[in-house]
Amino acid sequence: MWAILSLLVENKPGILFKVTHLFRARNFNIDSISVGVTDNPDYSRMTITTIGDEKQVEQIVKQLDKMIDTVEVKHLDEHKSVYRELSLFKIKLSNANDSMEVNKLANAYGGKVHNVKKDSMMVELTATPDQTGAFEELAKPFGIIDVARTGVAALQRSES
Amino acid sequence: MEKMIGAKALMTAMEKEGVKQVFGLPGGANLPMYDEFARCDIRHILARHEQSASHMADGFGRVSRKPGVCFATSGPGATNILTGIATAQADSSPMIAVTGQVPVNMIGKDAFQESDIIGMTNPVVKYAYQPRNASEIPEVVRKGFYIAETGRPGPVLIDIPKDVQQNEAEMVFPDEFKIQGYHPWTDPDIVAVEKAIDMLLHAQKPIILAGGGTIISSAFAELQSIAETLMLPVVTTFKGKGAFPETHPLSLGPIGMHGRAEANKMMTEADCVLAIGTRFSDRSVGTFETFEKDLKIIHMDVDPAEIGKNQTAQLAVIGDVRVNLRIMVKLLLQKAIKKTEETPWVKHVKETRAYWKENLKLHPGEMGAAKILRKLRELLPKESIVTTEVGQHQMWASLFYDVIQPGTFFSSTGLGTMGWGFPAAIGAKVARPDVPVVDIAGDGSFAMTENSLATAVLEDIPVIVFVLNNSILGMVAQWQRTFYDRRMIGVQQQSNPDYVKLAESYGAQGLRAQSMDELDKAIKTALSSDVATVIDIPIDPEEDVLPFVAPGTSLKDMILPS
């Protein structure tokens with residue numbers, strides 16, 4: 001199963017190293033990771049997506065919780081959370097129509113277009129990993145030159 | 001508030017924690033700390049290798065249940081204690097390791113004797129600090145000791161750059177402090193304990209599996225009271241060996257790869273287990289097919305991450321096991337529950353125990369391992385502390401040396417560090433100078449830290465090293481005999497030194513025992529001497545440790561002596 005973990009950690013040097021080291025040492029895997037400071041500069045929020053069966057995910061949460069630098073560790077329910085990642089796609093333009101076609105595709109996914117050149121353009125997308133994957137599939141025929149994805153950021157929705 | 005340099009703040013803070021001695025080795029990057037020994041009451045015990053210093057601190061910590069402290073310099077000094085830190089972590093032993101580091105402005109420049117010890121030790125410490133300002137030191141020490149000794153104990157590293165040791169600052173030694181992400185479980189879980197009692201009462205074949213956590217939390221009296229009240233047979237893990245008197249009629253001894261036959265048999269037949277402070281390690285249970293399909297597991301542990309890590313439990317009782325066992329004792333008393341009649345299960349357990357005590361085939365020679373270790377048991381006062389190295393001698397000790405007084409047996413059970421036992425015995429003797437301390441060793445392991453004889457002699461710490469000497473790396477040789485068609489590669493140690501002369505050359509006492517009479521005399525001589533003693537006991541290199549459960553197989557498939 002694919003799981004979104006949300007960690008509130010102390011904003012100190014070396015914490016990212018410790019968290020990623022834990023995943024490696026315990027044979028878990030990181031699908032994506034994003035880190036940023038919170039409104040309180042003493043803390044950072046890490047969002048990690050991972051893949052494992054239920055038991056593994058439970059173990060990951062427990063091991064992360066055991067870390068002294070983690071203040072809070074949550075396994076988010078994806079149906080009760082907002083989760084997005086930002087991606088940048090540099091796409092090849094081979095003929096005159098391509099620019100318009102890519103533009104249309106980007107629009108359909110709520111993307112923004114940047115840096116339009118004669119033979120390439122860039123698309124900025126904010127979407128769920130599934131949507132990003134779907135966009136990538138559709139963009140492939142044009143030729144993808146480069147991709148950069150930030151990893152998922154997520155927050156739990158408020159109740160009612 | 002008081003103005004002082006970082007190194008003095010370190011020593012002052014440690015004195016406030018009750019530290020009486022430090023095991024260590026000086027070097028360039030920790031000289032300011034060493035200089036402070038001239039101005040404080042903390043004793044310095046000089047090791048001959050930093051790894052030994054860390055094992056001494058570990059041994060001290062396990063016996064006293066207060067963190068043992070070791071010092072090492074930067075670079076190789078720090079990397080040398082890595083094994084000691086990992087050993088302490090694997091066995092949840094409280095330890096404070098203080099390393100010197102190159103000055104702050106040299107960090108990351110590949111300076112002389114620089115090593116990123118924070119990075120290297122990360123997966124094997126409970127926590128690590130690297131104060132960048134001298135004024136941080138008092139709080140770091142306070143927090144470090146708190147983390148090391150509370151909850152599930154473990155090693156804490158404090159890595160102090162040399163300039164931070166030398167810089168002067170206004171020091172505040174705090175009584176109060178906060179560690180936001182650290183909440184060791186201290187409260188009992190009464191609801192879960194009540195359920196546990198219910199499960200145990202409804203089981204036909206209940207058993208207690210006592211792990212190392214039982215010893216760490218000293219829950220000996222509680223364990224014994226529960227076992228006797230509910231008439232529960234007790235097996236232990238190897239780490240839990242001696243949590244329960246092994247001479248008690250309900251005791252079956254350790255389970256595992258080299259568990260006792262009666263313990264392995266009964267563990268595999270039980271239908272409900274009260275598992276106390278154990279991680280269900282592979283060495284203890286083999287494969288998980290070991291257990292009966294419908295076995296109900298009650299798992300008590302202070303570390304919530306252990307629940308479900310290796311073995312799924314039907315009931316989790318999270319918290320300090322002594323606190324929860326004490327509640328169990330109280331509830332049993334309140335409810336006036338006491339079993340007086342021997343169930344068919346207990347009868348069966350006692351018969352099985354008696355059968356294997358009589359019928360396990362032993363080495364036929366005069367100097368077989370069982371005879372040697374039973375002789376040692378016979379002559380050692382029951383309060384004596386025993387440590388072991390790692391290998392055949394360790395497993396023979398598990399099989400044939402009965403722990404009578406709980407909490408007097410210590411071994412590197414998790415990491416399995418050869419060379420641990422002797423320096424750990426030195427640390428143990430420092431913690432308990434009033435009792436005999438014996439390291440049950442093999443020649444292979446003893447070779448790894450035998451230079452600790454210098455420490456034992458110079459510092460007047462008279463421990464006994466009991467070397468079962470087969471001039472071979474015995475456990476490896478046994479595996480090569482069993483699984484590799486007797487291809488004995490890299491195990492021959494005929495070039496061992498003469499251990500009697502070796503001991504004497506250090507100023508220690510060396511004795512050799514080639515018969516039971518000589519062994520009797522040697523043990524008595526060692527016990528009445530006030531100098532460290534090595535007893536060299538030549539044994540048969542072909543003797544196997546049996547029973548033996550092959551790795552990755554079930555405890556049901558024990559290989560027994562033929």
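## About the model

This is a predicted model, in which local features need pLDDT of at least 70, side-chain atom pairs count only at pLDDT 80 or more, and totals for chains, interfaces and linings use all residues. Residues are numbered from 1 along each chain as its sequence is written, while chains are lettered from A and ligands numbered from 1 in the order in which they are written.

## Where the chains meet

Chain A brings 15 residues into contact with 12 residues of chain B (C-beta atoms, placed from the backbone, within 7 Å). On the chain A side, α1 (15-25), α2 (54-66) and β4 (70-76) each give two or more residues; helices (H or I, at least four residues) and strands (E, at least two) are DSSP runs, numbered from the N terminus. The largest share, 6 residues, comes from α2(A).

## A covered helix

In chain B, helix α17 (residues 392-400) has 9 of its 9 residues buried (20 or more other C-beta atoms within 10 Å; exposed means 12 or fewer, and partly exposed is in between). Among them are W396(B) and F400(B). Its cover includes β11 (251-254), α16 (369-379) and β17 (437-442) of chain B.

## Backbone details to look at

Most residues other than glycine have a negative phi, and most peptide bonds are trans. S471(B), not a glycine, has a positive phi of about 50° and is partly exposed, with 17 C-beta neighbours inside 10 Å.

A336(B) also has a positive phi, near 50°, and lies in the loop between α14 (321-334) and α15 (344-359) of chain B. A cis peptide bond, with omega about 5°, joins L546(B) and P547(B).

Terms used. Contact = placed C-beta atoms within 7 Å.
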